[in-house]
Each structure stands twice: as C-alpha cells, then as structure tokens.
Amino acid sequence: MKKAISAFLSTALLVSTATAGPIVNKLGKNAFNTQIAAGIESVLGKWTQSAMLNPSVAFYETYPAKGFLALNDVTFVPRSDDSNSVVLTDYIAMGAQSANGSALGLRMALAPQESRLEAARSMAESGLIKTGDIIISTRPQFANSLQYLALQLLNTHISVAVVVTEGGRKVVYNVDMPMDADMLGGKAVGFGKSVMDSTHFTGDNENLMLQILRPRLTLAQRSNLQVWFEKALEKARAKTVYPSSLSFNSDYNSPTYRENGDLSFVTDTARLLLGKSMKEHDHMQMFCSEFAWVMLSLRDCNPDGSNLKSCVSEYFKPMQMLGTAFSGGRASDQSLYGMTDGIPMLIQQTGAGAQLTMNLIDFALPGVEKEAKGLSSGHKGVAAAMAPLIQQMNGYFKLALLDRTPQKIDGARAQLNPASPRNYSPTGFGVHAAMPNEINGEAVQQKKFDYVVTIKYVPKAKLKDLQSK
C-alpha cells in the first residue's frame with residue numbers, strides 16, 4: 001500500500017519548485033500516516049472513527065488522488081519562519097485497493113486562523129487560488145449524522161473566489177449568495193471584502209473545511225469572468241442588487257432552472273450586474289450554488305453586455321439524482337454521473353473488492369439518523385423531504401457496485417430520478433471534481449471541475465513546526 005501511495009504522491013501531486021511566496025510545500029515529504037503522526041491529526045482533530053479509515057475525515061469527503069490538479073503554476077518555499085505562512089501537506093483517507101485504483105485523500109492547505117487576511121494574500125499571490133474557483137464549505141463533524149449529509153458529501157454551501165489587486169498586492173475575496181453580512185461581512189477589511197473571515201467562515205471554524213475546485217476555462221473565459229465577478233462584488237458592497245432585485249432561496253430543491261432551456265434568469269442577472277433593469281423577471285431568488293452556476297454561465301459574455309443575447313450557455317448541464325455510469329454509460333454521456341452518485345463513484349475508483357465495498361456503503365449510510373447540530377433550516381427541510389428516497393440509497397449503491405445488472409440499475413434509477421428536479425447543488429460541483437478524468441481511455445466529457453486543495457484554518461501554535469522544519 002505504501003508503495004502505491006508513494007507513487008501517487010510523485011505523480012498526482014506534481015508541483016512547482018519555484019521559491020516565492022509564503023506557501024510552504026510539504027507535499028509528499030511524509031507520505032500516508034507518517035504525515036498524520038507528524039502533527040496533522042492534532043490539527044484536524046478526531047471527528048469520525050472507523051477501523052478501515054483514518055479517523056479524522058470520512059472517505060466521502062475526499063477526492064481521488066489520481067485526479068488532483070497539478071500545481072505547476074503555484075510558487076512555494078520549502079520552509080518558513082513566518083507564522084503567517086500557509087502549509088501544504090497530504091492527507092490520505094484510504095489507499096488504493098487495486099493496481100489500477102486510486103487513493104482517496106485531500107491536499108491540505110493549513111492556514112493560520114489568526115491572520116486570514118495575510119493567508120488570503122498568500123494564496124492569491126502564489127496562484128494557489130484563482131478568480132472563479134469554487135469554495136465548498138464542508139462539515140467534517142457531520143459525518144455519521146444525517147444520511148442526507150453523507151449523500152451531500154458533507155457539502156453545505158458554495159462561495160466563489162475573486163482575486164483582485166489592491167495596494168499593489170493580490171488578495172482573494174469570497175462572493176456569495178446570500179449577499180449578506182453572514183457571508184460577506186469581512187472582519188479584517190469590511191463588508192463585501194470577506195477574506196473568508198465573515199461569520200459563516202469563523203462561527204464554527206472547528207467544523208469547517210473549504211474545498212477549492214477549479215472550473216475548466218479558456219484564458220478568454222477566465223478574463224471575462226474576472227470582470228463579471230468584480231462587478232458582483234461591487235454590487236454586493238453597494239447593496240443595490242440584494243435583496244431588492246435578487247434574494248436568497250432557502251429551498252435547495254427548487255432551482256430556477258427548467259428543462260425547457262430558458263436561461264433568462266442568467267441574462268437578467270447579468271443585466272443587474274451591469275446596472276440595468278431586468279427584462280424577464282420582476283424579482284429573482286437563488287441559492288448559493290445556483291448563483292455560482294449562473295455566474296459561470298456568463299463565461300462567454302463580453303463584460304460590457306454587448307453580446308448578452310447570444311453568449312449565455314449552461315456551464316454544466318444541471319444534474320439528475322443518479323446517472324448512467326453504473327449501467328453501461330459512456331464517457332461522452334453528459335448525464336454519466338448524478339448528484340447522488342458521489343459515494344459509489346469514490347468507492348469504485350479505489351478498486352475496492354466486494355466486502356470492502358459493502359462495508360464502505362454501510363459506513364456511509366448505516367440506516368441510522370443522528371442530529372447534525374448547527375445545520376441550516378434549509379438543509380434540514382430538504383433532508384426531511386428526501387427521507388423516503390434516502391432510505392433506498394444503500395440498496396441502490398449495492399445494486400450498482402455489487403449486483404451490476406444493467407437492467408435492474410436502469411429500472412431503479414428510472415424510479416428514483418423523478419423524485420428531484422435537475423439541479424446544481426453544492427454536491428453536484430463536488431461530484432464533478434471527483435469524477436475520473438477518463439473511462440476506458442476516453443475523456444469524461446461531463447467533468448467540468450478539478451480538485452485543487454482543501455483549506456483548514458488552524459491556530460498558529462499548531463502550525464509552527466510544520467512551517468519551519
């Protein structure tokens with residue numbers, strides 16, 4: 001197992017060796033549990049227990065190591081005495097279970113919680129975070145609580161990163177829906193300039209990690225989105241859009257998207273950001289990931305709005321609950337994976353045998369519900385509404401991974417999918433990043449994001465040895 005993990009560290013975690021910026025690179029230096037023993041466990045804390053997994057992070061909150069995005073354009077130093085530096089290191093939840101399997105884990109960015117502004121500058125200037133990157137709030141301590149949360153891969157909220165230059169230095173701000181003080185009330189700089197230091201990010205820091213996903217964009221698209229996201233931040237700060245024209249939708253199971261192809265809510269969002277009136281709506285509501293999806297769907301739009309009538313297109317096709325991957329779906333299928341396919345997709349990529357597969361499914365969905373203290377009322381409502389469907393997922397996953405009869409899987413999926421509309425939930429973004437890059441040598445066409453890193457804010461005292469040694 002250690003040989004396999006060493007191999008993954010030397011290939012999947014390809015990084016630059018340039019020596020600039022206070023990002024301390026410890027990737028691959030102490031592979032597997034050795035790194036945990038060196039101090040990561042004390043940083044993360046023990047949240048879940050399982051004999052087959054490392055104890056701090058559930059396997060369904062991680063990503064396949066083979067799919068980690070290479071950090072070839074990020075600058076690092078090997079060590080630093082600067083207490084504000086951010087440390088990159090490895091966290092492996094589970095090793096590969098076959099010769100062609102992938103380890104599951106995280107590339108951790110351990111950042112000092114006392115100096116989030118400096119961390120935001122470091123991550124922006126080093127290139128670790130870029131404009132348009134998706135920031136998923138994930139809650140490790142919710143593992144083994146509500147089964148709904150396991151199916152959500154413990155993801156509860158999405159923000160988007162916006163890198164700007166101020167005072168000659170780059171810094172990353174988060175932009176969110178809702179555009180309120182809880183999300184955008186930055187403590188260090190002020191409202192609308194949250195460096196991931198608003199109440200949402202600091203109120204329950206112990207139970208929060210931030211997964212950073214990068215959308216697959218051309219340079220021209222990234223340039224367009226830079227301006228669109230800056231406009232969104234400006235409007236949020238001025239409080240001219242939210243909540244008068246655009247407000248928060250707490251029903252995550254009720255997206256604005258409809259399968260008739262009407263994307264007028266995207267164009268009307270652009271009009272608002274341009275300081276114009278909406279044409280198709282009097283008022284709009286969006287939830288967090290819907291706003292992110294809308295903004296990414298403006299990637300081909302000139303920031304002056306000159307081609308607004310023809311430039312809007314879905315960044316990714318909103319997802320069904322379950323996809324075709326486990327019953328013969330092809331790599332070209334745009335519905336290959338669904339929002340709820342994360343658990344079996346991760347297990348399959350490890351190459352796990354039958355008994356371990358069954359154990360992992362039962363670990364994730366034990367058939368027992370426990371309280372998730374601090375979960376939002378919106379998520380609790382969706383969990384309650386989906387309860388009958390959730391009870392069937394353990395059996396469906398075993399059908400998909402162990403029985404493997406296409407006709408049975410297709411029949412079950414046909415019954416389960418209509419229970420929920422196509423959507424772009426936070427989990428859907430995470431599932432995209434966790435998809436394999438290819439199947440049987442063919443590129444997976446559906447995949448639109450890559451996993452970059454997971455940020456965990458920790459006390460400076462716990463980082464000192466990792467920074468300087």
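**Figure 1. The lining of the largest pocket, sorted by residue class.** By class, eight nonpolar, 11 polar and five charged residues make up the lining of the largest pocket in this predicted model. The space in this largest pocket comes to about 610 Å³. Its lining consists of 24 residues, and those that lie nearest the centre of the pocket are Gln 349, Pro 436, Glu 438, Ile 439 and Asn 440. Two elements, helix H11 (342-350) and strand E12 (438-439), each give two or more residues to this lining.

**Figure 2. The second largest pocket and the elements around it.** A volume of about 420 Å³ is found for the second largest pocket. Among the 23 residues that line this pocket, Arg 139, Met 183, His 200, Gly 374 and Ser 376 are the closest to its centre. Two or more lining residues come from each of strand E7 (155-166), helix H5 (181-184), helix H6 (199-202) and helix H13 (377-385), and H13 gives the most, with three residues. When the lining of the second largest pocket is divided by class, six residues are nonpolar, 12 are polar and five are charged.

Figure 3. Two cavities of 30 Å³ or more are counted in the model, and the largest cavity holds about 180 Å³ of space. Of the 16 residues that line the largest cavity, Gln 152, Met 339, Val 382, Met 386 and Ser 425 lie nearest its centre. Helix H4 (147-151), H13 and helix H17 (426-434) are the elements that give two or more residues to this lining. The lining of the largest cavity has eight nonpolar and eight polar residues, but no charged ones.

**Figure 4. The second largest cavity and its lining residues.** By class, the lining of the second largest cavity comprises three nonpolar residues, four polar residues and one charged residue.

**Figure 5. Ile 343 within the largest nonpolar core.** The largest nonpolar core has 155 residues, and Tyr 60, Ile 343 and Phe 429 are the ones that touch the most other members. If residues up to four places away in sequence are not counted, Ile 343 touches Phe 59, Tyr 60, Ala 150, Leu 151, Leu 153, Ala 364, Leu 365 and Phe 397.

Figure 6. In helix H16, which spans residues 406-416, the buried residues are Ile 409, Ala 412, Arg 413 and Leu 416. These residues lie on the same side of H16 because they cover an arc of only 100 degrees around the axis. The cover over the buried residues of H16 includes helix H14 (387-390) and helix H15 (393-403). On the face turned away from the buried side, H16 carries the exposed residues Gln 407, Ala 414 and Gln 415.

Figure 7. Leu 463, Leu 466 and Gln 467 are the buried residues of helix H18, which covers residues 460-468. They share one side of H18, because the arc that they cover around the axis is only 100 degrees. An α-helix has 3.6 residues a turn, so residues three or four places apart point the same way. Ala 461 and Lys 464, by contrast, are exposed on the other side of H18.

Technical notes. Residues are numbered from 1 along each chain as its sequence is written. This is a predicted model: local features need pLDDT of at least 70, side-chain atom pairs count only at pLDDT 80 or more; totals for chains, interfaces and linings use all residues. Side-chain values use heavy atoms; hydrogens and water are left out. On a 1 Å grid over the protein atoms alone, a cavity is a set of points where a 1.4 Å probe fits but cannot get out, and a pocket is an open set with protein on both sides within 12 Å along at least five of seven lines; lining residues have an atom within 4 Å of a point. Grid points are joined across faces, edges and corners, and a volume is the space filled by probe spheres set on the points. Helices (H or I, at least four residues) and strands (E, at least two) are DSSP runs, numbered from the N terminus. Ala, Val, Leu, Ile, Met, Phe, Trp, Tyr, Cys and Pro count as nonpolar, Asp, Glu, Lys and Arg as charged, and the others, Gly among them, as polar. Buried means under 20% relative accessible area, exposed over 50%, partly exposed in between (1.4 Å probe, protein chains only). The arc is that of the directions from the helix axis to the C-beta atoms. Contact means heavy atoms within 4.5 Å. A nonpolar core is a set of buried Ala, Val, Leu, Ile, Met, Phe, Trp, Tyr and Cys residues joined through side-chain atoms within 4.5 Å.
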